[in-house]
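Have a look at the sequence and the model first.

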Amino acid sequence: MFKYSFLIVLIAFLLINFNGQENQIVGGRIKKERSEVFFGEYDSFTGRYSRSIKLKKGVTYAFRLSKNTKSGDLSLYVEDPKQTRFFEMTNNSLYLTPEKTKRYRINFIGSEHKGSFQLYWKSSNQKESEKFV
């Protein structure tokens with residue numbers, strides 16, 4: 001009986017911990033608030049947090065990153081389904097026009113980052129007044 005209980009606990013642990021996340025978030029969380037908004041607020045974030053988004057071919061997307069850093073570092077990059085880096089955000093805004101419609105993965109990388117961030121993106125076919133909240 002103990003063998004089976006141990007195996008069930010081990011399998012549950014593996015399923016919970018291998019969901020695309022390799023991170024340690026202390027005193028907060030990172031979440032997708034709406035279809036075009038990611039929000040993170042925490043005492044400390046180290047590692048990688050990733051989620052996929054669908055981007056359409058030929059549509060220009062405006063990305064804007066707003067972050068409050070008390071210490072540490074936070075960066076992000078986007079990769080295609082083949083895990084090839086599609087772009088890396090080096091400043092706080094970026095315009096991107098994908099060549100193919102598919103799901104891309106946004107990866108947030110924290111290095112003992114203390115603070116918060118918000119990432120917004122809007123497509124060019126949305127009204128200018130709706131671009132950023």
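## Layout

Along the sequence, the elements follow the pattern α-β-β-β-β-β-β-β, giving 1 helix and 7 strands. Helices (H or I, at least four residues) and strands (E, at least two) are DSSP runs, numbered from the N terminus.

This is a predicted model, where local features need pLDDT of at least 70 and side-chain atom pairs count only at pLDDT 80 or more, while totals for chains, interfaces and linings use all residues. Residues are numbered from 1 along each chain as its sequence is written, and side-chain values use heavy atoms, with hydrogens and water left out.

## The nonpolar core

Of the 133 residues, 33% count as buried, meaning under 20% relative accessible area with a 1.4 Å probe, protein chains only. The largest nonpolar core has 23 residues, and Phe38, Phe63 and Trp121 are among those with the most contacts inside it. Such a core is a set of buried Ala, Val, Leu, Ile, Met, Phe, Trp, Tyr and Cys residues joined through side-chain atoms within 4.5 Å. At least two of its residues come from each of strand 3 (37-55), strand 4 (61-79), strand 5 (85-89) and strand 7 (102-123).

## One salt bridge

How many salt bridges are there? The count comes to 1 (a side-chain nitrogen of Lys or Arg within 4 Å of a carboxyl oxygen of Asp or Glu). Glu36 pairs with Lys122, their closest N and O atoms being 3.5 Å apart. Glu36 sits in the loop between strand 2 (29-34) and strand 3, and Lys122 in strand 7, 86 residues apart. Lys122 counts as buried, because its relative accessibility is 9%.

Note on methods:
Buried < 20%, exposed > 50% of the residue type's maximum accessible area, 1.4 Å probe, protein only.
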